[in-house]
Amino acid sequence: MTIRCCIFDLDGVLVDTARYHYLAWARLARGLGFEFPPACEASIRGLSRMDSLEVVLRAGGMERRFAPEERERLAAEKNAFYLESVAAMTPAEVLPGCVEFLRSLRGRGIGRVLGSSSKNAGLVLDRTGLRPLFDDVVDGTHLTRAKPDPEVFLLGASRVGAEPAQCVVFEDAAAGIEAAHRAGMRCVGVGTGAATAAAELRIASFADFTPGALAAGLDAAGGVDK
Ligand code: BG6
Ligand code: MG
(Lines give C-alpha, C1' and ligand atoms only; values in the text may rest on other atoms or scores of the structure.)
(Ligands and ions follow the chains in the order given, each with its own letter.)
Protein backbone atom coordinates (compact mmCIF):
# COMPACT_ATOMS: atom_id res chain seq x y z
CA MET A 1 0.00 0.00 0.00
CA THR A 2 1.45 3.35 -0.99
CA ILE A 3 0.99 6.55 1.00
CA ARG A 4 -1.39 8.88 -0.85
CA CYS A 5 -2.15 11.36 1.88
CA CYS A 6 -0.65 12.62 5.13
CA ILE A 7 -3.08 14.16 7.61
CA PHE A 8 -1.58 16.47 10.22
CA ASP A 9 -2.90 17.44 13.60
CA LEU A 10 -1.95 21.06 14.29
CA ASP A 11 -1.61 21.83 17.99
CA GLY A 12 1.54 20.19 19.36
CA VAL A 13 2.51 18.73 15.96
CA LEU A 14 3.27 21.65 13.61
CA VAL A 15 3.25 24.42 16.22
CA ASP A 16 3.64 24.50 19.98
CA THR A 17 0.12 25.83 20.53
CA ALA A 18 -0.57 22.98 22.99
CA ARG A 19 1.41 25.18 25.39
CA TYR A 20 -0.81 28.18 24.65
CA HIS A 21 -3.94 26.10 25.22
CA TYR A 22 -2.49 24.96 28.56
CA LEU A 23 -1.50 28.50 29.61
CA ALA A 24 -4.99 29.79 28.78
CA TRP A 25 -6.62 27.05 30.89
CA ALA A 26 -4.18 27.69 33.74
CA ARG A 27 -5.08 31.41 33.62
CA LEU A 28 -8.80 30.59 33.72
CA ALA A 29 -8.20 28.25 36.69
CA ARG A 30 -6.29 30.97 38.57
CA GLY A 31 -9.24 33.31 38.01
CA LEU A 32 -11.46 30.66 39.59
CA GLY A 33 -9.12 30.42 42.58
CA PHE A 34 -7.11 27.25 41.95
CA GLU A 35 -3.93 26.15 40.16
CA PHE A 36 -3.97 23.92 37.08
CA PRO A 37 -0.35 22.73 37.30
CA PRO A 38 1.98 22.01 34.34
CA ALA A 39 1.84 18.29 35.24
CA CYS A 40 -1.82 18.35 34.12
CA GLU A 41 -1.00 19.63 30.61
CA ALA A 42 -0.99 16.13 29.13
CA SER A 43 -4.47 15.44 30.52
CA ILE A 44 -6.06 18.02 28.16
CA ARG A 45 -3.91 17.42 25.08
CA GLY A 46 -6.10 16.84 22.02
CA LEU A 47 -9.40 17.17 23.89
CA SER A 48 -12.17 19.45 22.63
CA ARG A 49 -12.69 22.84 24.29
CA MET A 50 -15.65 21.66 26.41
CA ASP A 51 -14.02 18.33 27.31
CA SER A 52 -10.91 20.25 28.39
CA LEU A 53 -13.05 22.51 30.56
CA GLU A 54 -14.45 19.43 32.31
CA VAL A 55 -10.94 18.19 33.10
CA VAL A 56 -9.84 21.62 34.36
CA LEU A 57 -12.92 22.08 36.59
CA ARG A 58 -12.44 18.57 37.99
CA ALA A 59 -8.83 19.43 38.86
CA GLY A 60 -10.18 22.32 40.94
CA GLY A 61 -12.97 20.26 42.52
CA MET A 62 -15.53 22.40 40.67
CA GLU A 63 -17.02 19.84 38.29
CA ARG A 64 -20.53 20.32 39.71
CA ARG A 65 -20.46 24.04 40.25
CA PHE A 66 -21.46 25.60 36.91
CA ALA A 67 -24.64 25.51 34.85
CA PRO A 68 -24.32 24.92 31.08
CA GLU A 69 -24.52 28.67 30.24
CA GLU A 70 -21.79 29.43 32.77
CA ARG A 71 -19.62 26.71 31.24
CA GLU A 72 -20.05 28.30 27.84
CA ARG A 73 -18.96 31.63 29.33
CA LEU A 74 -15.88 30.03 30.95
CA ALA A 75 -14.94 28.33 27.67
CA ALA A 76 -15.30 31.65 25.84
CA GLU A 77 -13.08 33.33 28.44
CA LYS A 78 -10.40 30.67 27.96
CA ASN A 79 -10.66 31.10 24.21
CA ALA A 80 -10.12 34.85 24.52
CA PHE A 81 -6.92 34.15 26.52
CA TYR A 82 -5.81 31.64 23.87
CA LEU A 83 -6.46 34.11 21.04
CA GLU A 84 -4.16 36.64 22.73
CA SER A 85 -1.31 34.15 22.25
CA VAL A 86 -2.33 33.27 18.69
CA ALA A 87 -2.49 36.94 17.70
CA ALA A 88 1.23 37.25 18.49
CA MET A 89 2.28 34.15 16.51
CA THR A 90 4.64 34.36 13.53
CA PRO A 91 6.00 31.86 10.95
CA ALA A 92 9.06 31.49 13.20
CA GLU A 93 6.91 29.41 15.56
CA VAL A 94 6.43 26.55 13.10
CA LEU A 95 8.32 23.64 14.66
CA PRO A 96 11.68 22.60 13.11
CA GLY A 97 11.53 20.58 9.90
CA CYS A 98 7.74 20.85 9.35
CA VAL A 99 7.86 23.16 6.33
CA GLU A 100 10.61 21.11 4.67
CA PHE A 101 8.71 17.86 5.29
CA LEU A 102 5.45 19.28 3.89
CA ARG A 103 7.30 20.56 0.82
CA SER A 104 8.96 17.17 0.28
CA LEU A 105 5.57 15.46 0.38
CA ARG A 106 4.26 17.95 -2.16
CA GLY A 107 7.28 17.28 -4.37
CA ARG A 108 6.41 13.58 -4.34
CA GLY A 109 2.75 14.18 -5.14
CA ILE A 110 1.57 13.04 -1.68
CA GLY A 111 -1.54 14.85 -0.42
CA ARG A 112 -1.37 17.03 2.68
CA VAL A 113 -4.47 17.67 4.79
CA LEU A 114 -4.79 19.44 8.12
CA GLY A 115 -7.01 17.55 10.60
CA SER A 116 -7.48 19.55 13.79
CA SER A 117 -10.25 19.70 16.40
CA SER A 118 -9.55 23.37 16.96
CA LYS A 119 -12.00 26.01 15.81
CA ASN A 120 -8.98 28.35 15.73
CA ALA A 121 -6.90 26.21 13.37
CA GLY A 122 -7.49 28.46 10.34
CA LEU A 123 -6.26 31.47 12.26
CA VAL A 124 -3.10 29.64 13.36
CA LEU A 125 -2.44 28.50 9.78
CA ASP A 126 -2.71 32.09 8.58
CA ARG A 127 -0.54 33.55 11.37
CA THR A 128 2.20 31.00 10.69
CA GLY A 129 2.01 31.00 6.88
CA LEU A 130 1.34 27.24 6.78
CA ARG A 131 -1.96 27.30 4.89
CA PRO A 132 -0.55 27.21 1.31
CA LEU A 133 1.25 23.95 2.10
CA PHE A 134 -2.05 22.08 2.50
CA ASP A 135 -4.46 20.73 -0.10
CA ASP A 136 -7.34 20.96 2.35
CA VAL A 137 -8.16 21.87 5.94
CA VAL A 138 -10.59 20.12 8.28
CA ASP A 139 -10.97 21.89 11.63
CA GLY A 140 -13.31 22.14 14.61
CA THR A 141 -15.77 24.26 12.65
CA HIS A 142 -16.47 21.30 10.31
CA LEU A 143 -16.89 18.60 12.97
CA THR A 144 -19.75 17.22 15.01
CA ARG A 145 -17.68 14.79 17.09
CA ALA A 146 -14.34 15.37 18.83
CA LYS A 147 -11.31 13.05 18.79
CA PRO A 148 -11.06 10.14 19.62
CA ASP A 149 -13.96 9.95 17.18
CA PRO A 150 -12.45 9.36 13.71
CA GLU A 151 -14.69 11.94 11.96
CA VAL A 152 -11.91 14.51 11.48
CA PHE A 153 -9.57 12.09 9.69
CA LEU A 154 -12.25 10.33 7.62
CA LEU A 155 -13.50 13.72 6.42
CA GLY A 156 -9.92 14.77 5.64
CA ALA A 157 -9.27 11.65 3.56
CA SER A 158 -12.55 12.05 1.67
CA ARG A 159 -11.68 15.66 0.79
CA VAL A 160 -8.72 14.43 -1.28
CA GLY A 161 -10.29 11.16 -2.42
CA ALA A 162 -7.91 8.90 -0.47
CA GLU A 163 -8.80 5.57 1.16
CA PRO A 164 -8.10 5.38 4.93
CA ALA A 165 -5.51 2.64 4.39
CA GLN A 166 -3.58 5.02 2.10
CA CYS A 167 -3.43 7.74 4.76
CA VAL A 168 -0.94 8.41 7.53
CA VAL A 169 -1.86 10.64 10.46
CA PHE A 170 0.62 12.73 12.47
CA GLU A 171 -0.48 13.22 16.06
CA ASP A 172 0.90 14.20 19.46
CA ALA A 173 -2.11 13.18 21.59
CA ALA A 174 -3.43 9.79 22.69
CA ALA A 175 -7.00 10.83 21.72
CA GLY A 176 -5.78 11.67 18.20
CA ILE A 177 -3.87 8.42 17.79
CA GLU A 178 -6.99 6.50 18.82
CA ALA A 179 -9.01 8.54 16.29
CA ALA A 180 -6.52 7.65 13.53
CA HIS A 181 -6.70 3.95 14.35
CA ARG A 182 -10.51 4.04 14.51
CA ALA A 183 -10.40 5.62 11.03
CA GLY A 184 -8.32 2.67 9.79
CA MET A 185 -5.20 4.81 9.33
CA ARG A 186 -1.63 4.37 10.47
CA CYS A 187 -0.23 6.95 12.81
CA VAL A 188 3.09 8.63 13.44
CA GLY A 189 3.42 9.87 17.01
CA VAL A 190 5.14 13.25 17.23
CA GLY A 191 6.95 13.26 20.56
CA THR A 192 8.28 10.25 22.37
CA GLY A 193 6.38 10.49 25.67
CA ALA A 194 3.66 8.18 26.96
CA ALA A 195 0.95 9.95 24.89
CA THR A 196 2.30 8.52 21.61
CA ALA A 197 2.93 4.96 22.84
CA ALA A 198 0.21 3.47 20.58
CA ALA A 199 1.54 4.96 17.31
CA GLU A 200 3.11 2.68 14.66
CA LEU A 201 6.11 4.99 14.37
CA ARG A 202 7.31 7.73 16.73
CA ILE A 203 9.51 10.71 15.94
CA ALA A 204 10.97 13.27 18.33
CA SER A 205 10.39 16.03 15.76
CA PHE A 206 10.25 16.65 12.00
CA ALA A 207 13.86 17.89 11.95
CA ASP A 208 15.68 15.86 9.24
CA PHE A 209 12.61 13.62 8.77
CA THR A 210 11.86 12.73 5.14
CA PRO A 211 9.12 10.94 3.18
CA GLY A 212 11.65 8.16 2.57
CA ALA A 213 12.20 7.75 6.31
CA LEU A 214 8.42 7.73 6.80
CA ALA A 215 7.92 4.91 4.29
CA ALA A 216 10.89 2.95 5.69
CA GLY A 217 9.70 3.40 9.29
CA LEU A 218 6.15 2.26 8.53
CA ASP A 219 7.50 -0.59 6.44
CA ALA A 220 9.56 -1.81 9.39
CA ALA A 221 6.50 -1.43 11.62
CA GLY A 222 4.30 -3.58 9.42
CA GLY A 223 4.07 -3.13 5.71
CA VAL A 224 3.94 -0.21 3.31
CA ASP A 225 5.27 -0.14 -0.27
CA LYS A 226 7.84 2.50 -1.13
C1 BG6 B 1 -6.99 20.64 19.82
C2 BG6 B 1 -6.09 20.95 21.00
O3 BG6 B 1 -6.24 20.69 18.65
O4 BG6 B 1 -8.05 21.60 19.73
C5 BG6 B 1 -6.92 21.06 22.28
O6 BG6 B 1 -5.15 19.91 21.14
C7 BG6 B 1 -8.05 22.05 22.09
O8 BG6 B 1 -6.08 21.46 23.34
C9 BG6 B 1 -8.88 21.66 20.88
O10 BG6 B 1 -8.88 22.07 23.25
C11 BG6 B 1 -10.01 22.66 20.60
O12 BG6 B 1 -9.44 23.90 20.28
P13 BG6 B 1 -10.20 25.28 20.23
O14 BG6 B 1 -9.15 26.23 19.68
O15 BG6 B 1 -11.37 25.11 19.29
O16 BG6 B 1 -10.63 25.60 21.61
MG1 MG C 1 -2.37 17.94 19.07
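Q: What makes the side chain of Asp-11 a polar contact of ligand 1?
A: An oxygen atom of ligand 1 is 2.7 Å from an N or O atom in that side chain. A polar contact is a pair of N or O atoms within 3.5 Å; within protein, one must be able to donate a hydrogen and the other to accept it, and residues adjacent in sequence count only if both atoms are side-chain atoms. So 2.7 Å passes the cut-off.

A word on the source: this is a predicted model, where local features need pLDDT of at least 70, side-chain atom pairs count only at pLDDT 80 or more, and totals for chains, interfaces and linings use all residues. Residues are numbered from 1 along each chain as its sequence is written, chains are lettered from A and ligands numbered from 1 in the order in which they are written, and side-chain values use heavy atoms, without hydrogens and water.

Q: Which other residues have a polar atom at such a distance from an oxygen atom of ligand 1?
A: Among them are Leu-47, with a polar backbone atom at 2.7 Å, and Asn-120, with a side-chain N or O atom at 2.6 Å.

Q: Which residues come nearest to ligand 1?
A: Of the 13 residues around ligand 1, they are Asp-11, Leu-47, Arg-49, Ser-118 and Asn-120. A residue counts as near if one of its heavy atoms lies within 4 Å.

Q: How is the protein chain divided?
A: Domain 1 is 5–16 + 91–222, and domain 2 is 18–86. The bounds come from an automatic or database domain assignment. The C-alpha centres of the two domains lie 25 Å apart.

Q: How do you know how many residues of domain 1 and domain 2 are in contact?
A: Contact means heavy atoms within 4.5 Å. By that rule, 15 residues of domain 1 touch 13 residues of domain 2.

Q: What area do domain 1 and domain 2 bury between them?
A: About 1,200 Å², with 49% of it on carbon and sulfur atoms. Buried area is the accessible area (1.4 Å probe) that two parts lose on being put together, summed over both. In domain 1, Asp-11, Asp-16 and Asn-120 lose the most area to domain 2, together 38% of what that side buries.

Q: Why is the pair Asp-172 and Arg-45 called a salt bridge?
A: The closest N and O atoms are 2.5 Å apart. A salt bridge is a side-chain nitrogen of Lys or Arg within 4 Å of a carboxyl oxygen of Asp or Glu. So the pair qualifies. The count between domain 1 and domain 2 is two salt bridges.

Q: What makes Glu-54 and Arg-71 a salt bridge?
A: Their side chains meet at 2.2 Å, N to O. Glu-54 lies in helix α3 (residues 49–59) and Arg-71 in helix α4 (residues 68–87), so the pair ties together parts 17 residues apart in sequence. Helices (H or I, at least four residues) and strands (E, at least two) are DSSP runs, numbered from the N terminus.
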